[in-house]
Amino acid sequence: MPAADRESPEQTVPEQTGPEHHVQYQYASCPFCPRVLRFLAQAGVELPLKDTLRDPAARRELIQGGGDSQVPCLRIERSGEVTWLYESLDIIAYLQAQLGNQLPARGA
Ligand SMILES: N[C@@H](CCC(=O)N[C@@H](CS)C(=O)NCC(=O)O)C(=O)O
């Protein structure tokens, strides 16, 4: 079944206890990845990106860590604990909540 047709699995992200480090796993030809990149650009935030088509080690990390090769996927590391968040809209919602009022007002 294509990834786009799958239901989003239950994903839980641990309570915030310290600074987080984010890495986005993605690839250029994925039509869902730019959704997250557009959000990040609008928010003025840069994240490290790993291309899972060009970088076989990144693809292995994604599959071993997150359990699936689907992109985009956000790797969230906090206090040594790693969470892998799939689904572009879930990633955007998560980052939006994290960034909170650091986001520029619409139209500003
Ligand atoms: N509903 C997902 C769709 C993501 C999706 O379908 N990604 C495709 C690439 S466009 C994928 O990862 N396919 C499996 C693979 O490449 O291994 C989202 O919005 O993030």
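**A hairpin and its neighbouring loops**

In this predicted model, strands S3 and S4 form a hairpin with 2 residues between them, and Ser-79 in the turn has a positive phi of about 50 degrees.

Q: What makes S3 and S4 count as paired strands?
A: Pairing requires at least two bridges between two strands; S3 (residues 73-78) and S4 (residues 81-86) are joined over 6 bridges in the antiparallel sense, so they meet the criterion. Within this pair, Ile-76 stands opposite Thr-83 in S4.

Q: Why is Ser-79 called exposed?
A: A residue is exposed if 12 or fewer other C-beta atoms lie within 10 Å of its own; Ser-79, placed in the loop between S3 and S4, has 10 C-beta neighbours inside 10 Å and therefore counts as exposed.

Q: Why is Glu-87 called buried?
A: The cut-off for a buried residue is 20 or more other C-beta atoms within 10 Å, and because Glu-87 has 21 of them, it is buried. Glu-87 is found in the loop between S4 and helix H3 (88-99).

Q: What makes the phi of Glu-87 worth noting?
A: Most residues other than glycine have a negative phi. Glu-87, however, is a residue other than glycine with a positive phi, near 80 degrees, and Ser-79, which is not a glycine either, also has a positive value, about 50 degrees.

Q: How do you know that the peptide bond from Val-71 to Pro-72 is cis?
A: Its omega is near -5 degrees, and the bond is accordingly assigned as cis, whereas most peptide bonds are trans. Pro-72 lies in the loop between helix H2 (56-66) and S3.

Technical notes
Residues are numbered from 1 along each chain as its sequence is written. This is a predicted model: local features need pLDDT of at least 70, side-chain atom pairs count only at pLDDT 80 or more; totals for chains, interfaces and linings use all residues. Helices (H or I, at least four residues) and strands (E, at least two) are DSSP runs, numbered from the N terminus.
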